[in-house]
Amino acid sequence: MGNLCSYTIGIFLLSMFLSFPSFAAVYTISPDGLGDYPTIQEAVTGCDPGDIIELTDGVFNGDGNRDIEYHGKSIIVRSQSGDPESCIIDCEGSAVEYHRGFYFLYQEDADARVENLKIINGYVSGDD
């Protein structure tokens, strides 16, 4: 009876261990291209669902830091400091060159979020 009890407890503990959720990875991105990835888009592309991308304070602009697509991933892009006035995405959009901060095109769910960022100078046509 002792072996059966030990076996049952072992299976129970193994199932408990395997059922714990994995912890999200946190990636840091800086406007100067330093950090875990050089751009926000590269971080989004390289991360897994559930991961978090933290942007350091400063102004993010240019390719890879605007028109960001989540590709259906449930991830969070957020300001590391929590202050949207200090963490800005400048889309640099105009009537000639359309740009926005983020695209949500692939049926992302409510866990795909943008938090505490200021997005400026986005420009798209009425058809976009």
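**Exercise 1. Work out how exposed glutamate 97 is and what its side chain pairs with.**

Step 1. Glutamate 97 has a relative accessible area of 42%, so it counts as partly exposed (buried is under 20%, exposed is over 50%, partly exposed is in between, with a 1.4 Å probe and protein chains only). Keep in mind that this is a predicted model, where local features need pLDDT of at least 70, side-chain atom pairs count only at pLDDT 80 or more, and totals for chains, interfaces and linings use all residues. Residues are numbered from 1 along each chain as its sequence is written, and side-chain values use heavy atoms, with hydrogens and water left out.

Step 2. Now look for a partner: the side chain of glutamate 97 meets that of arginine 66 in a salt bridge, 3.9 Å from N to O (the rule asks for a side-chain nitrogen of Lys or Arg within 4 Å of a carboxyl oxygen of Asp or Glu). Arginine 66 sits in the loop between S3 and S4 and glutamate 97 in the loop between S6 and S7, so the pair ties together parts 31 residues apart in sequence. Helices (H or I, at least four residues) and strands (E, at least two) are DSSP runs, numbered from the N terminus.

Step 3. Arginine 66 itself is buried, at 10% relative accessible area.

**Exercise 2. Trace the strand pairing from S2 through S5 to S8.**

Step 1. Strand S2 (residues 52-55) runs parallel to strand S5 (residues 76-79), joined by four bridges (strands pair if DSSP finds at least two bridges between them). Here leucine 55 stands opposite serine 79.

Step 2. S5 also pairs with strand S8 (residues 113-115), again in the parallel sense, over three bridges. Isoleucine 76 faces arginine 113 across that pairing.

**Exercise 3. Find the main contributors to the largest nonpolar core.**

Step 1. This core has 20 residues, and Ile29, Ile40, Ile53, Leu55, Val77 and Ile89 have the most contacts inside it. A nonpolar core is a set of buried Ala, Val, Leu, Ile, Met, Phe, Trp, Tyr and Cys residues joined through side-chain atoms within 4.5 Å.

Step 2. Two or more residues each come from strand S1 (26-29), helix H2 (40-46), S2 and strand S6 (87-90). H2 gives the largest share, three residues.

Step 3. Zoom in on isoleucine 40: leaving aside neighbours within four places in sequence, its contacts (heavy atoms within 4.5 Å) include Ile29, Leu55, Val77 and Ile89.
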